[in-house]
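Here is a short note to read beside the model. The points below take up sulfur links and ring contacts in turn.

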Amino acid sequence: SHCVGLFFLLCIVSTVLCCKCAWHSVYSSTKAEDNVIVGQIISGGTTVGNSVLYQVQITQVYKGCYLTGVTIKMSTPAFSAACGVAALTLSQTYILTGSTDENNTLYITSCGYNEPFSTVTEEEKNFLDNWYNDCSGGCATGTMVNCLLAPCSVSNCNVTDAVCENNYCNSCNAYWWENEFTRVCFTPIIKL
């Protein structure tokens, strides 16, 4: 009976310590996280306390208040159970999503989309290029356009309870979301 009790206790502890994430895609992370950047790891991988620290040279800002061309500090939990991102490779360029702490350090976890930028598809890059960055007050790349009609007013999605978001960066875009963070209806049905 002691073994059974110990087994259940270990199951409970392992469940509590596991990292559980609600999203893990370019789309959901861009919608949910405070920052979406592309950056090259220039130094780090050093464990300090419960964190692994890096220096990142930013090459593109899609969302957030960081500036392209600057070097920032980045931190991730040291343990996978705390949602730490596995070792990042020096000189590799990544898409990085996360929050900013009081010291302006980018804090990333495995719940965000933190992958080599070479794995981002053309469709995902197009989505990122067309993202409206609230912090900069403009499109991540390109410019705002004027549309004759709101894109959502001429678009339909056959997913129940999906919500449409108008986007005017570089073209007239209708982005459909289910449960706030899941992008659906990539090719919306145009209403005529």
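1. The disulfide of Cys-152 and Cys-164 is left-handed, because the torsion about its S-S bond is about -80°. The two sulfur atoms lie 1.9 Å apart. A disulfide here is a pair of cysteine sulfur atoms within 2.5 Å. Cys-152 sits in the loop between strand 8 and strand 9, and Cys-164 sits in strand 10, so the pair ties together parts 12 residues apart in sequence. Helices (H or I, at least four residues) and strands (E, at least two) are DSSP runs, numbered from the N terminus.

2. Cys-164 is partly exposed, at 21%. Buried means under 20% relative accessible area, exposed means over 50%, and partly exposed is in between (1.4 Å probe, protein chains only).

3. A word on the source. This is a predicted model, where local features need pLDDT of at least 70, side-chain atom pairs count only at pLDDT 80 or more, and totals for chains, interfaces and linings use all residues. Residues are numbered from 1 along each chain as its sequence is written, and side-chain values use heavy atoms, with hydrogens and water left out.

4. How many disulfides does a search of the whole structure find? It finds 6. One of them joins Cys-147 to Cys-172, S to S 1.9 Å. With -110° about the S-S bond, this link is left-handed. Cys-147 lies in the loop between strand 8 (138-139) and strand 9 (155-156), and Cys-172 in the loop between strand 10 (163-167) and strand 11, so the bond ties together parts 25 residues apart in sequence. Cys-172 is partly exposed, with a relative accessible area of 41%.

5. Cys-157 and Cys-185 also form a disulfide, with sulfur atoms 1.8 Å apart. The torsion about this S-S bond is about 70°, so the link is right-handed. Cys-157 is in the loop between strand 9 and strand 10; Cys-185 is in the loop between strand 12 (182-184) and strand 13 (189-190), so the pair ties together parts 28 residues apart in sequence. Cys-157 is buried at 15% relative accessibility. Cys-185 is buried at 16%.

6. Now the rings. Rings of Phe, Tyr and Trp (its six-membered ring) pair if their centres lie within 6.5 Å; planes under 30 degrees apart count as stacked, over 60 as edge-to-face and the rest as tilted. The count by this rule is 4 aromatic pairs. In one of them, Phe-127 and Tyr-175 have ring centres 5.1 Å apart and planes at 65°, so the pair is edge-to-face. Phe-127 lies in helix 3 (residues 122-129) and Tyr-175 in strand 11 (residues 173-178), so this contact ties together parts 48 residues apart in sequence. Phe-127 is buried at 1% relative accessible area, and Tyr-175 is buried at 4%.

7. Phe-127 also pairs with Trp-177. This pair is edge-to-face, with 6.1 Å centre to centre and 65° between the planes. It links distant parts of the chain, Phe-127 in helix 3 and Trp-177 in strand 11, 50 residues apart. Trp-177 is buried, at 3% relative accessibility.

8. Which residues do the ring pairs link into a cluster? They are Tyr-27, Phe-127, Trp-131, Tyr-175 and Trp-177. Lys-31 lies over the face of Trp-177, 5.0 Å from the ring centre. A charge sits over a ring if NZ of Lys or CZ of Arg is within 6 Å of the ring centre and within 35 degrees of the ring normal.
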